[in-house]
Amino acid sequence: MATVCVWFLPFTKKYGLTEERIKNAPHIKLSAFFDIHGPWVLVPEGSLLNFSDWVPLHLRIGPWNKFAFPSIVLVVFMTCYLHPFRSATRSDAIFDNNKGVTSSYTTTKTTNNNYPPVWSAYFCYNVFGFLYMTFFLTWVLTRHAKGLIVTFTMISWALNAMRHGLNALSSIAVFLLLNHHHPCWSSWLLSSLLKFNHIIRFPALISASIVFCVWNFVLMPFIYFLIPTRHQRSEFLQFSFSYRMVQVHIFNLMYSITSTIVTGEQRQGHRGGGGPGLLRQPALDEATFQYEDLWYALSFGIFYGLFYVFVLDRLGVHLYPVFSPRNKYFVLTWICQIGICVALYWFWNYVLRVQEEEEEEFVPLLDEDSFLLSFTRGCCWGNTFVGLSVLLMIFSTALHCLT
């Protein structure tokens, strides 16, 4: 039952972190990470402040799985080799032969409908969502622990908060680029902003999807059935469905869908992704995610995996012991990580295609210039998610304050 005990740390007021324990914490210099003669694990017993004592010792210290390092090298090499900017796929990933450069780089009229107009309802939602999610992130880090920012869950929340803010800034950037209300030197800066916003688009959705699925359908049920007493189970459920946990594990996916698919970039008329084999996506009027987007998501997941193995593991911060390089199933966990990203890539493209096909069944029956046409294109998909997201932000916060 030692594995379960760590999940009850949030029920204590200070997590057992006394001033004496903080004072006796090991002082680790940045140079220690590059000292080839020093120990690999930089804290005693591979447990920072003894918070990872619940993790089996053989997963904290000792030799790595003999396939761990070769598999890491292979994954990094293949990720770099399959990047979407090689000559064979560059035109698919960046350029549209019919319209020139896509919205990631453009300063032409092809960006006109890619982001919501300034002061539109979607633009206002992006601003409100950014302020709300930033405030929530600040509240969690200051009230609980600043170290939570290294968890995949909070990184996902921060990434989606950034997406809301960048969507709003991108709307302003497109307006400035199209109307030339900007100094000449700022064209590169504004175009770079659009590109960066596009880069984190699919990683934000993937991370929120992984957090939602893994916590709600794997970890929470597994932990619940391991807890021995009914009283402890009740406390765990209260903790799992608290305001903070519901926001980051459930509502974050709703906010991510809204900012990524509805109020963010819409790459219209793209002719399909340039990936290999089954990763290539067909063209749609309302473009699906492309191979380039999948590559960004895989790179994001692999980068976090490297951060976990080469930084957190050495500091004795074992948030996800299954990803320990000493685990005999280490290679399988990385394969699963890549497989989940690809599966979600197919899933979200399927969702987008189904939504597009259902919309096209009704749109031809309407006059091209009618108000009902524009209302239909937004109401069934976009407005519903925007309205639900705003309601979740407002009412969940109000309920938390009242209780």
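Helix 8 (residues 201-226) and helix 10 have axes that come within 9 Å and cross at roughly 150°; axes here are lines fitted to C-alpha atoms, for helices over the stretch in contact, and angles run from 0 to 180 degrees between N-to-C directions. Helix 8 and helix 10 are therefore roughly antiparallel to each other, a label for angles over 145 degrees. On the helix 8 side the contact (heavy atoms within 4.5 Å) includes Arg201, Ala204, Leu205, Ala208, Val211, Phe212 and Trp215. On the helix 10 side, Met245, Val248, Ile250, Leu253, Ile257 and Ile261 are among the residues that take part. By class, this contact of helix 8 with helix 10 has 12 nonpolar, 6 polar and 1 charged; Ala, Val, Leu, Ile, Met, Phe, Trp, Tyr, Cys and Pro count as nonpolar, Asp, Glu, Lys and Arg as charged, and the others, Gly among them, as polar.

The model is predicted: local features need pLDDT of at least 70, side-chain atom pairs count only at pLDDT 80 or more, and totals for chains, interfaces and linings use all residues. Residues are numbered from 1 along each chain as its sequence is written, and side-chain values use heavy atoms, with hydrogens and water left out.

Helix 10 (residues 243-262) has a kink of about 50°, centred on Phe251. The bend at a residue is the angle between axes fitted to the seven residues ending there and the seven starting there.

Helix 5 (residues 121-143) and helix 6 (residues 152-179) pack at about 150°, with axes 8 Å apart. That makes helix 5 roughly antiparallel to helix 6. Phe123, Phe130, Met133 and Leu137 of helix 5 are among the contact residues, as are Trp157, Ala161, His164 and Ile172 of helix 6. The contact of helix 5 with helix 6 has 15 nonpolar, 8 polar and no charged residues.

The axes of helix 3 (residues 68-81) and helix 11 (residues 291-315) come within 11 Å, crossing at roughly 150°. From helix 3, Ile72, Val75, Val76 and Thr79 meet Trp295, Ser299, Ile302, Leu306, Val309 and Phe310 in helix 11. The residues of this contact divide into 8 nonpolar, 2 polar and no charged.

In the protein chain there are 13 helices and 2 strands, taken as DSSP runs (H or I, at least four residues; E, at least two) numbered from the N terminus. Of its 403 residues, 46% count as buried.

Technical notes: Buried means under 20% relative accessible area, exposed over 50%, partly exposed in between (1.4 Å probe, protein chains only). Angles under 35 degrees count as roughly parallel, over 145 as roughly antiparallel, 65 to 115 as roughly perpendicular and the rest as oblique.
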